[in-house]
Amino acid sequence: MKLLLGNEAIAHGAIAGGVTFFAGYPLAQSSEIDAALITLLGGREGAAVLVEDTPAALGAVLGAGAGGGLGATALTGDVLGSAEELVRFGIESKLPGLIAVIGARPESSRGVERAGQTEVRRLRIGPAGSGPAPVWAPASAQECFTLARAASIEAREQSTPALLYVDDVVAHLREPVAAIDDGLEREAGVPAGPAELYRTRDATVLVVAFGIVARAARTAVRLAREQGIRAGLFRPVRLWPFPFAELEEAAARAGVLLVAELNEGQLHEAIAARVGAAGPAAARPRAARDRQTILSLSEPSEGMLRPGRILDSLLEAA
Amino acid sequence: MSATCAPACGLDRLGQGLAEAFARQGGVPAKRFVVTGGGCAAFVAGWVEGTLHRVPLGRSLPFALGLAQARPDREVFVFLGDGEAASVGGHHLLNAARRGDRVRALVVNNEVLGGTGGFPSPTTPRGGRTAIQPAGSEPRALDVAELARAAGAAWVGRETVTAGDALAALLREFVGAPPFALLEVRAPCYPAYGQWNGFATPEAMHEALERRALRGGNRSAHGRAGDVPVEAGAFHVGRLWPAAPGATT
């Protein structure tokens with residue numbers, strides 16, 4: 001066990017997953033990843049390079065992938081636009097690389113908790129005719145390690161850029177992380193699946209949330225249960241491609257889906273388009289499609305959704 | 001981008017010259033990476049044996065940095081036009097030279113964004129006319145070789161595509177030069193530049209290019225004004241860095 005920032009755990013997971021090279025342009029919210037990777041790769045000449053900007057970092061990571069290595073970089077949502085072109089190029093050219101994206105803080109947020117999840121839509125990156133690149137969304141420092149390791153392996157095995165999407169709170173929570181040098185890497189490095197289910201079996205109201213919001217939602221679900229409401233939580237561990245099949249299965253008995261997120265409702269939009277009555281949901285039974293309501297609990301500016309507010313929405317929806 | 005080179009732009013000579021330089025060097029094509037982001041310089045790759053990577057415009061140098069790191073057993077060459085070298089990838093060039101990336105960059109500088117048919121590039125001479133600016137380009141031209149030298153490149157050279165044996169000799173030196181190495185090759189683009197600037201034929205551009213090329217010195221054409229009577233837009237050619245022993249700078 002070690003106490004690590006989420007960002008530090010990403011670096012450890014990347015190394016455990018076989019990353020051999022780091023190129024990056026330091027940005028405040030992601031710089032702990034850079035620092036940790038530079039330290040962990042420190043022994044080998046040229047293994048870590050500070051470059052002039054984010055496109056250069058992406059270019060170098062993909063170049064290393066083209067040469068048979070495995071590169072990693074970290075960036076923040078503020079500069080995601082300048083990285084998209086190269087992520088797309090990496091998908092088209094089947095080049096591996098690990099890319100950690102820390103969600104931008106909302107400008108208006110105050111205080112310690114300043115998460116943002118405003119990049120959901122833009123992180124669905126993929127050329128026409130192919131699926132989006134994998135984007136994993138950890139909710140704890142332990143999972144930062146686990147998913148960074150898994151995404152590194154996936155990047156190499158599938159020859160694709162693989163992304164981590166981490167909100168600012170998870171990136172900077174210092175939490176215990178198992179199995180970095182205690183011989184348990186293998187167990188700690190395997191994600192359970194593309195989604196985590198919490199009390200969904202009989203749920204009639206289902207919260208959908210990821211990252212730090214999912215942790216608040218878990219508490220809200222427990223409190224709602226105490227009030228006799230059959231609430232559940234669906235947490236996408238893999239954000240893209242979104243685990244729609246798992247969601248539809250988990251939501252089989254749910255009349256209401258409540259999508260809670262720290263933006264204007266980007267994930268809600270995607271889920272409503274797919275699962276809602278308006279979207280193509282051929283795999284779903286007509287009855288379920290017709291009776292499901294998909295609500296949005298969006299918070300684009302405060303930087304946090306607390307359990308109480310999610311609970312209020314659950315009580316209202318139920 | 002047009003699908004073929006402009007008439008008499010000389011890129012075929014450059015490609016053949018580079019292929020000959022590689023052949024004389026005795027290098028193994030399988031151990032050579034070639035990276036290009038496009039522009040007219042991408043055509044040169046057609047003459048060269050090696051593993052070619054075509055990457056998004058502007059990002060060839062960072063991509064090459066990663067390649068060079070992952071494969072220390074291989075030589076990495078990057079072909080850029082003046083647009084990629086001086087604008088969309090300009091800061092990559094400065095920082096690759098500054099860091100000493102294990103890369104050799106060939107910059108084809110035709111002083112115009114040739115593929116666009118007539119937009120000026122950062123190397124278009126002040127007053128140079130293009131289709132889009134028939135009254136002449138206002139900003140001053142960037143000197144790519146001087147930029148690379150100022151940024152710390154280990155080896156810098158410049159030649160004209162029409163220089164024959166002198167180009168061949170410099171290409172031979174370039175393919176084995178210490179990285180980060182940059183060779184700027186000046187080439188004429190008649191359709192996008194020459195015809196707008198009073199040249200009757202592409203061949204007339206060749207003659208003007210040779211008049212502008214100052215041979216035998218190691219100074220920049222901009223180094224000390226008035227030393228030599230030079231034609232407007234003159235530039236020094238040959239190996240510019242490291243300077244020959246005894247050369248004045």
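Modeller: Let's start with contact: two residues have it if their C-beta atoms, placed from the backbone, lie within 7 Å. This is a predicted model, in which local features need pLDDT of at least 70 and side-chain atom pairs count only at pLDDT 80 or more, while totals for chains, interfaces and linings use all residues. Residues are numbered from 1 along each chain as its sequence is written, and chains are lettered from A and ligands numbered from 1 in the order in which they are written.

Biologist: Fine. Which residues is A:Leu257 in contact with, leaving aside its neighbours within four places in sequence?

Modeller: By that rule, A:Leu257 has A:Leu206, A:Val208, A:Ala251, A:Ile271, A:Gln292, A:Ile294 and A:Leu295 as partners. A:Leu257 also belongs to the residues with the most contacts inside the largest nonpolar core, along with A:Leu164, A:Val207, A:Ala217, A:Leu258 and B:Leu182.

Biologist: What makes a set of residues a nonpolar core?

Modeller: A core is a set of buried Ala, Val, Leu, Ile, Met, Phe, Trp, Tyr and Cys residues joined through C-beta atoms within 7 Å. The largest one here has 188 residues. It draws at least three residues from each of domain 1 (2–188) and domain 2 (195–317) of chain A, with bounds that come from an automatic or database domain assignment.

Biologist: And why is A:Gly65 called buried or exposed?

Modeller: The cut-offs are 20 or more other C-beta atoms within 10 Å for buried, 12 or fewer for exposed, and anything in between for partly exposed, with C-beta atoms placed from the backbone. A:Gly65 has 28 C-beta neighbours inside 10 Å, so it counts as buried. It is found in helix H3 (residues 54–66) of chain A; helices (H or I, at least four residues) and strands (E, at least two) are DSSP runs, numbered from the N terminus. Not counting residues up to four places away in sequence, A:Gly65 touches A:Leu70, A:Gly71, A:Leu95, A:Pro96 and A:Gly97.

Biologist: Why are strand S3 (48–50) and strand S12 (238–240) of chain A called edge strands?

Modeller: Two strands pair if DSSP finds at least two bridges between them. The open sheet has seven strands in the order S3-S2-S4-S5-S7-S6-S12 (chain A), with mixed pairing; S3(A) and S12(A) each pair on one side only.

Biologist: How do you know that S6(A) and S12(A) pair?

Modeller: They share two bridges, in the antiparallel sense, and the rule asks for at least two.

Biologist: What makes up the side of chain B that touches chain A, by class?

Modeller: There, 16 residues of chain B are in contact with 23 residues of chain A. H3(B) gives the largest share of that side, eight residues. Eight residues of the side are nonpolar, six polar and two charged, where Ala, Val, Leu, Ile, Met, Phe, Trp, Tyr, Cys and Pro count as nonpolar, Asp, Glu, Lys and Arg as charged, and the others, Gly among them, as polar.

Biologist: Where in chain B is a peptide bond cis, with omega near 0°?

Modeller: One runs from B:Pro179 to B:Phe180, and B:Phe180 lies in the loop between helix H7 (165–175) and strand S6 (181–186) of chain B. Another joins B:Trp241 and B:Pro242, with omega about 0°; B:Pro242 lies in the segment after strand S9 (238–241) of chain B.
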